[in-house]
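User: I would like to learn how to read pockets and cavities in a model. Can you take me through them?

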Amino acid sequence: KTNNPEKQTIAFYAFSSILETKWVDEIRKGLNDCITKLVSLLTTQYPDLQLMISWCIDKISEFHAETFVNNHILLDSVLNGIKNTIFNFSQKVAEHFIFAIHHLSTELKIYNQAEVSLFTPYLKDLLNMLIKLAYSKNSYNPNYNISSACFLAIGTLIENSEPNDIITLQNFFAMVYDALQSSLMKENFTTEKMMYAFQEYLCSVIIAYSSSRKYKMTIEQGKSVYLLIKQTFIQRNDVYEDGLVACSSLVMIMQEGDDFIVKDYMNYLVFALKKYQETAICLKALLSISDLINCMTISFVPYLEQLFPLIMSIINSPEAAKEIKVQILLIFSDMYGNLQSSEIAWNSYQSIMGYLMKAMEVAVITPDINDPDLCEYYSLLKERIVECLGCIIRYVLEINKVEIFHPYLEKVMGFISFLNTEKENPSLYIISGSAGVITDLCDMYKKDMALLINDETIKYMTKRLLEEGGSDNTSVVYHLQQKTLMIKIII
């Protein structure tokens with residue numbers, strides 16, 4: 001209530017400090033009045049108070065966004081207040097407001113149950129404001145870069161938009177296209193590094209636009225955008241992460257027809273895969289391949305056949321990072337999940353199963369508990385192996401060639417039994433996937449499974465699924481118990 005800027009700064013600092021604490025109910029009782037006060041002080045000339053106001057609004061947006069769901073007047077005052085004053089502030093203050101927009105867009109998407117986005121009335125102005133701010137003087141500099149924050153918020157607004165926002169987004173996308181075209185001209189930037197950065201930022205917007213698949217492009221529109229991205233590859237004689245993902249994203253939102261982009265894009269995927277010593281680039285290329293398998297399904301087979309020898313050479317290379325090999329397991333899962341009728345699924349079966357057996361030997365090693373990154377890797381490796389086994393087993397059932405899995409049956413069941421113990425404490429994802437593997441193997445081998453089914457494993461899986469997974473896993477447990485019990489009865 002004080003009008004003293006120094007005291008207001010201290011008061012808002014104290015308030016911001018408790019926004020993440022356990023006293024949620026007490027805090028929310030006074031939030032409306034606090035937000036109203038914060039907005040009324042947006043025009044203050046005191047730098048410390050400006051910073052504290054922006055930090056406070058940012059934290060409210062992140063941790064208490066539901067306050068705005070049923071109070072549109074409050075949301076209106078905050079968003080319009082930010083829009084009308086953001087260019088008057090320092091970069092640090094502006095950055096807090098940018099992140100407030102980012103958090104509000106994300107959180108309100110969760111809390112808002114209406115069909116129309118709460119951001120729809122503000123979307124056009126906010127997008128225009130953010131792109132203008134990203135290109136404004138001093139937004140991008142070595143010491144403080146808020147351009148990246150602007151593009152992050154732009155991507156979030158687009159991802160959380162609704163189909164009725166299509167006209168606004170199409171008009172904005174035209175601006176992005178022009179900006180990408182301008183990013184090819186070095187004279188528009190103070191340094192080459194800045195030029196490359198903005199090319200990447202703009203590709204992130206293309207990814208956001210296409211990731212939800214709510215919006216389509218014509219073949220000609222998709223080609224035009226792709227050729228611009230290709231020019232950025234040529235310009236730097238290299239590929240970059242967001243550029244790769246943007247290319248595959250374009251394929252996913254284009255209307256069916258011309259496969260020009262895919263054919264040409266293969267050259268850059270091969271280029272990226274051959275750079276597997278650069279883990280981040282290779283991972284994006286592999287992610288792109290997974291996306292294309294899931295999107296194009298059987299149409300992608302001719303291209304996958306081109307890439308597959310290189311993928312197998314990478315996964316068997318001692319120089320390839322372990323993260324890359326885990327990502328390749330996802331490609332195997334996607335392949336057997338989507339391309340069951342293809343020759344590549346059949347022809348590569350033995351080599352993939354051989355690699356999975358080696359991967360299982362690695363996965364049973366106990367990692368150093370003091371190394372969280374290594375523990376996370378082992379957990380992901382186990383999930384990927386179980387997921388891949390599930391897809392392959394369903395493939396074998398689909399083609400009715402159960403004999404080809406028999407050489408691996410005992411080792412696979414031993415691995416599943418190893419994973420599903422209290423000592424291993426597997427994730428619910430692993431347990432659910434393991435239940436699917438056992439259920440499908442019971443269908444495949446029936447009484448031959450009797451000696452391989454560990455009753456303690458089944459009890460442990462059932463207990464965890466029901467206690468932690470809730471009603472969503474009831475059917476999984478039912479099928480697991482039914483199949484394993486029937487095997488025992490047959491015997």
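Analyst: Start with the terms. On a 1 Å grid over the protein atoms alone, a cavity is a set of points where a 1.4 Å probe fits but cannot get out. A pocket is an open set with protein on both sides within 12 Å along at least five of seven lines. Lining residues have an atom within 4 Å of a point. This is a predicted model: local features need pLDDT of at least 70, side-chain atom pairs pLDDT 80 or more, while totals for chains, interfaces and linings use all residues. Numbering runs from 1 along each chain as its sequence is written, and side-chain values use heavy atoms, without hydrogens and water.

User: What volume does the second largest pocket have?

Analyst: About 290 Å³. Volume here is the space filled by probe spheres set on the points, which are joined across faces, edges and corners.

User: Which residues lie nearest its centre?

Analyst: P367, C375, K382, K423 and E424, out of 17 lining the second largest pocket. Helix 19 (residues 372-399) gives the most, 4 residues. Helices are DSSP runs (H or I, at least four residues), numbered from the N terminus.

User: How many cavities of 30 Å³ or more are there?

Analyst: The count is 1. The largest cavity holds about 30 Å³. L79, N80, K83, Y122, D125 and L126 line it. Helix 5 (72-85) and helix 7 (123-134) each give two or more of these residues. Helix 5 has the largest share, 3 residues.
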